[in-house]
Amino acid sequence: MVETTRSSPPAENLAAPVVELGSLDTLWFQVAGTVCNLACTHCFVSSSPTNHTHENLSLAEIVPYLEEGSRLGVREYYFTGGEPFLNPEMEAILAKTLELGPATVLTNGLLLDPVRCERLAALAAASDYSLDLRVSMDGYDAESNDPIRGEGTFERILAGIGNLHRAGLNPVITVTEVHDANASREGRVRFFRLLTELGIDKPRLKILPIFRMGAEAERGGAYESWQRLRQGDAPAGDWSHLQCSACRMVTDQGVWVCPILVNEPEGKMGESLADTLEPYPLEHPACWTCHVYGVSCRT
Amino acid sequence: MPSRSPKDQRDRQRRESSKLTAHRGLATWGEKLVPLAEFRRATAAAGRALSASERELEVASWREPRPDPTPVEGPFSRVAVFGGVYNNHYALAALLDDARARGAEAIYCLGDLGGFGPSPEKVWPLLERGSVRTIQGNYEESLAAGLEDCNCGYTDPRDNHFAELSYGYTARNCSPQFKLWMGELPKRRRIRVGERELLLVHGSPRRINEFLFHSTSPVPFLEVLLAQERADGLLCTHTGLPWHRRLESGGDVINVGVIGRPANDGRAEVCYCLVDDREDELGVELVGLGYDHHALAEEMRREALPNEFIETVLSGWWTTCLEILPAKERAASRF
């Protein structure tokens with residue numbers, strides 16, 4: 001056996017790197033809290049009909065953040081939950097937001113009935129800025145999607161996508177790598193074919209990795225202890241490829257560093273956006289996923 | 001669909017229903033379930049809460065101008081600004097004639113000389129002869145550094161496939177001297193038009209390959225960019241689609257479009273920008289420019305460039321780089 005000498009302390013003793021906020025481009029809202037009409041088995045914030053860890057944000061609560069965000073030069077607004085359309089003020093919130101900048105809603109697609117889709121299309125048409133709907137699916141057929149998202153959801157999601165399309169809105173289908181096949185070449189082709197069969201001639205697809213936390217920790221397994229970021233993992237300490245170098249997340253309980261860590265009190269940075277312009281330590285194993293997979297939750 | 005026994009079905013229903021009700025009265029703290037009040041107490045204590053005046057200071061310092069040693073050129077009363085030549089020496093020649101005829105005192109190019117079109121070396125003497133003042137685009141940055149791709153910022157595999165084809169072609173057909181010249185170009189310029197100081201960049205003041213599209217470049221964002229750059233106006237390119245926004249502060253932001261290929265609007269002509277000094281405002285004209293696009297298509301065929309590119313030159317509709325378009329721009333696109 002060969003003796004080796006350590007020239008640096010063991011990796012586990014190194015402090016986590018910190019990420020600077022270079023600009024505040026993306027402002028997220030946990031607009032429906034963690035309340036969802038589904039309980040997907042891979043949800044990294046464990047959203048469900050009974051999960052009130054975070055609650056709805058009202059229009060009145062959101063407006064001050066929109067105003068503060070404007071002064072800080074926010075470029076785009078994202079809305080997630082839970083299921084955003086469970087928030088009774090969602091469309092009013094979008095109307096207000098679209099006066100200030102482009103907006104994207106991350107939805108499970110179940111509440112996209114034809115009438116709502118028409119109203120959303122009218123909101124999109126009335127704004128100078130883009131409105132995007134991101135609809136989540138986890139498989140290109142019911143056999144692969146429904147065990148993750150719930151019985152019967154595949155058909156209901158397709159119905160929602162069809163309603164958006166007929167109203168003139170072209171959603172971005174968001175797929176996780178919960179099944180290896182989803183991100184494969186063949187998987188992409190299957191998703192594109194599915195959308196084409198619905199009559200969508202410009203299919204749009206975004207693929208996201210899995211975060212091994214929340215409900216997913218139980219389904220697919222939690223992070224391993226080595227899955228942490230260390231100083232030196234990014235060349236020249238440049239972490240500007242991470243979304244947290246240019247985003248913040250507003251929930252009913254304050255402002256968090258990013259959309260992933262809302263169920264971690266340590267992810268909270270302040271009450272107003274101005275409180276949160278400081279650097280943030282990349283201590284959570286989810287930070288490892290964003291770095292290694294080059295993830296941005298933005299479209 | 002595999003058949004399920006009644007017991008399987010009962011088990012599954014029980015599991016589903018327990019998932020749906022699992023969080024009653026409880027919060028999810030990471031993977032733990034804790035009483036709601038416990039999570040709320042922890043979040044109430046987390047983070048920092050500045051006073052109102054401290055917050056004002058934070059916001060003000062965020063908007064403060066950042067130092068920029070770039071010298072200011074001019075003053076001019078009228079200049080032409082264009083971007084994205086994409087090897088289109090036909091359009092470049094037409095532009096130089098048109099801009100001079102319209103009285104431009106100086107001509108600026110915002111970069112991306114290569115890609116897409118044929119015979120990269122042909123634009124160099126035109127730029128020199130026209131005394132064009134050029135800044136670096138991501139293409140020049142990549143070519144000069146010998147990088148393997150154009151760093152255009154695409155994510156879609158199909159877009160990247162075509163980007164690789166055109167970058168490879170340009171890289172093979174550019175002389176080492178031309179690449180050296182590209183490497184010496186500045187990344188930004190500042191010019192004075194009348195009393196106004198304008199910043200010229202390729203993508204955005206922050207990143208050489210940032211896309212500033214009309215529907216995703218909101219007014220408040222642009223106001224902060226101008227404040228941070230202490231500029232009265234900003235001119236950029238990179239996306240291929242021209243637009244102009246006049247801000248509430250009176251500032252102007254202009255994406256000058258590209259002269260290398262049409263603006264995805266079903267017309268063969270390309271676009272550049274004329275800015276001039278007017279008494280109470282900056283004059284901004286996005287000029288449609290016709291050129292011999294049939295000759296360009298013919299040369300692209302001779303050089304065996306992809307048919308998809310040639311189709312764009314002739315039809316005015318993009319057939320590639322579509323994934324980068326925001327919802328509004330994509331809805332207006334044919335493909």
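Modeller: Let's settle a word before we start: buried means under 20% relative accessible area, exposed means over 50%, and partly exposed lies in between (1.4 Å probe, protein chains only). Bear in mind that this is a predicted model, where local features need pLDDT of at least 70, side-chain atom pairs count only at pLDDT 80 or more, and totals for chains, interfaces and linings use all residues. Residues are numbered from 1 along each chain as its sequence is written, chains are lettered from A and ligands numbered from 1 in the order in which they are written, and side-chain values use heavy atoms, with hydrogens and water left out.

Now the bonding. A disulfide is a covalent bond between the sulfur atoms of two cysteines. Here the working rule is a pair of cysteine sulfur atoms within 2.5 Å, and that gives 1 disulfide over all chains. The pair is B:C150 and B:C152, with 2.5 Å between their sulfur atoms. The torsion about their S-S bond is about -135 degrees, so this disulfide is left-handed. As for burial, B:C152 has a relative accessible area of 10% and is buried; B:C150, at 4%, counts as buried too.

Over in chain A, take A:C43. Its closest cysteine sulfur belongs to A:C40 and sits 6.4 Å away, too far for a bond. A:C43 is buried as well, at 16% relative accessibility. Then there's A:C117, which is in no disulfide: the nearest cysteine sulfur, in A:C36, is 17 Å away. With a relative accessible area of 0%, A:C117 is buried.
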